[in-house]
Amino acid sequence: MPIFLDTGNLAEIERFHRMGIIRGVTTNPTILLKDGVTGGMRGIETTSKEIARLIAPYPLSVEVTTTDRAEVIRQAQTFAGWADNIVVKVTIHGPQGELENLEIVHELETRHDIRVNVTAMMSAQQCFLAALAGATYVSIFGGRVNNMGYNVCGELTKLRQVLDQFGLKSQIIVGSTREILNVIEWLEAGAHIVTVVPDLLKGMIVHPYSKETVQQFLRDAAKAEEMLRGPSA
Ligand code: E4P
């Protein structure tokens, strides 16, 4: 299921879903804020329900907005109750490196039957541990990794190899796309899924030389039409 859309913009989701080229949607609090989702949890609920309904049965990832253990579990249950295709996003650890999130991920997946996307990861080793904890999806932020000065492709290849080697079922999502070439490059390196911002998806479709070619076809079609009509009196 190679391409997810990384946005909270309903019009963009609808447009690409109608084309049949996306297989899921990912969001996070930053994306929802950027896309104008306000009104706190009520706003997240309304938008998430609309997106989930629009793309069903494809998955929508919605991120928890708290670090409190009991509250994370409560939010996860609430989100999962909004629609069958909602996956709950939980960061790999807390803001100061607190360790309890993987325990929560394990509990959500094994005791509450909630699908989890472990997010904000920058290395194969983090993703490997999230996969061992039972995460349905493990999200590594390719653009941020590359911005730190090393190539995420190496991490993706190593990660895919160990997941396959140990029969771990987690799907690798690589996000934080920055360039059009990231998509094929990261899938080729081993990712199961690349989550792409709408502008990059547009950039993948539209090519300047294709534009020029289409314009040439239309110009020549018009000329041929004119020739068929013959000289005007
Ligand atoms: C993926 O799931 C993340 O939401 C996203 O791709 C993060 O991207 P950013 O680095 O552009 O914030």
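A residue is taken to be near a molecule when one of its heavy atoms lies within 4 Å of that molecule. The structure is a predicted model, in which local features need pLDDT of at least 70 and side-chain atom pairs count only at pLDDT 80 or more, while totals for chains, interfaces and linings use all residues. Residues are numbered from 1 along each chain as its sequence is written, and side-chain values use heavy atoms, with hydrogens and water left out.

We can start with the ligand. Around it stand Asp6, Asn28, Ile31, Lys89, Phe141, Arg144, Gly175, Ser176, Arg178 and Thr195. This shell comprises two nonpolar, four polar and four charged residues, where Asp, Glu, Lys and Arg count as charged and Gly is among the polar ones. The distance is 2.6 Å for an N or O atom of Asp6, 2.7 Å for one of Asn28 and 2.8 Å for a polar atom of Lys89. Of the 340 Å² of accessible area that the ligand has on its own, the protein covers 87% (Shrake-Rupley method, 1.4 Å probe).

The cysteines come next. A disulfide is a covalent bond between the sulfur atoms of two cysteines, assigned here to sulfur pairs within 2.5 Å. The structure holds zero disulfides. The sulfur of Cys127 has its closest cysteine partner in Cys153, 14 Å away, and therefore too far for a bond. Both residues are buried (under 20% relative accessible area, with a 1.4 Å probe and protein chains only): Cys127 has a relative accessibility of 0%, and Cys153 has 14%.

How values were computed
A polar contact is a pair of N or O atoms within 3.5 Å; within protein, one must be able to donate a hydrogen and the other to accept it, and residues adjacent in sequence count only if both atoms are side-chain atoms. Buried means under 20% relative accessible area, exposed over 50%, partly exposed in between (1.4 Å probe, protein chains only).
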